[in-house]
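Let's take a walk through this fold together, contact by contact. Have the viewer open and follow along.

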Amino acid sequence: MTWRNTDVFAPDREEKKDDAKAVTADTIQALSRISGTLNVVMDKLYICGTESTSLGSMEANQIISLLAENPHWTAMLQEDGSMHVTERIQDLSPTCKNNAYIGVDDQGNLTLYDAETGRKEAVRTFFQLDVRQMESSLPRQTLQELYSGIKINDVDEYNSVLSTFSDFAMEEQTTRVMSPGV
């Protein structure tokens, strides 16, 4: 699906509260011009993983009420006429909690894998590791765990592993990864 940038109805988290009020007014104004119903889809964006659920057909006033009750959500009108509302969640998705591992790929990058399929499928690459420094600094058991894949069950483990291995990241990439844009 193609997203229309002009139809983004909520601010970035970094914007001020006054800007958020202005965007909310824009959202209400844009939705009030829509007649009929829209198919509404709820997208939950986690630190690791996403989930989409159909909320069904809704009138514009119902969508306005939904967004008013959930001011931290964003909304975007799709070219196909559907409305996607998005919630950003500072946690791992249920699927990710069951299947996520952090390890090292063939190029020496710290990588998040989904092991649900029985094979390693890269979900996200964090940063290039200074493998030589890491191997000379860490205990053998820690290295074996990393090369085998460290099971990630919750957001605390996720953050702990990132923090631990960020000490071995090539310099320019560490800050960007430790401040995820979720």
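Start at threonine 86, which, leaving aside neighbours within four places in sequence, is in contact with Met42, Asp43, Leu45, His72, Trp73 and Thr74; contact here means heavy atoms within 4.5 Å. Threonine 86 is found in strand 5 (residues 83–92), and with a relative accessible area of 8% it is buried. Buried means under 20% relative accessible area, exposed over 50%, and partly exposed in between, using a 1.4 Å probe and protein chains only. Helices (H or I, at least four residues) and strands (E, at least two) are DSSP runs, numbered from the N terminus.

A word on where this comes from: the model is predicted, so local features need pLDDT of at least 70 and side-chain atom pairs count only at pLDDT 80 or more, while totals for chains, interfaces and linings use all residues. Residues are numbered from 1 along each chain as its sequence is written, and side-chain values use heavy atoms, with hydrogens and water left out.

For orientation, the protein chain has seven helices and nine strands, and 39% of its 182 residues count as buried. Among contacts between residues at least 6 apart in sequence, 55% join residues at least 24 apart.

Back to strand 5. Strand 4 pairs with strand 5 in the antiparallel sense over four bridges; two strands pair if DSSP finds at least two bridges between them. Alanine 75 has valine 85 in strand 5 as its bridge partner. The hairpin of these two strands has four residues between them, and there glycine 81 takes a positive phi near 90°. Four of the five residues of strand 4 (residues 74–78) are buried, so this strand is largely enclosed by the rest of the structure.

Now move over to the sheet with the order 8-7-6-9, where four strands form an open sheet with antiparallel pairing. Strand 8 and strand 9 (150–151) are its edge strands, each pairing on one side only. Strands of a sheet pair through backbone hydrogen bonds, either parallel or antiparallel. Inside this sheet, five bridges join strand 6 to strand 7, and tyrosine 101 has tyrosine 113 in strand 7 as its bridge partner.

What does threonine 111 touch, not counting residues up to four places away in sequence? Its contacts are Tyr101, Ile102, Gly103, Asp105, Ala122, Arg124, Thr125 and Phe126. Of these, arginine 124 is 13 residues away in sequence from threonine 111, with the two C-alpha atoms 5.8 Å apart in space.

Phenylalanine 126 lies in strand 8 and tyrosine 158 in helix 6, so the pair ties together parts that are 32 residues apart in sequence. Both residues are buried.

Tyrosine 158 takes us into the largest nonpolar core, of 25 residues, where Leu110, Leu129, Tyr158 and Phe165 touch the most other members. Such a core is a set of buried Ala, Val, Leu, Ile, Met, Phe, Trp, Tyr and Cys residues joined through side-chain atoms within 4.5 Å. Helix 6 gives the most to this core, with five residues. Apart from it lies another core, of 15 residues, among them Leu31, Ile64, Ala75 and Leu77.

Last stop: the one disulfide. Cysteine 48 and cysteine 96 form it, with their sulfur atoms 1.7 Å apart (the cut-off for a pair of cysteine sulfur atoms is within 2.5 Å). Cysteine 48 lies in strand 2 and cysteine 96 in helix 3 (residues 94–99), so the link ties together parts that are 48 residues apart in sequence. The link is right-handed, with 80° about the S-S bond.
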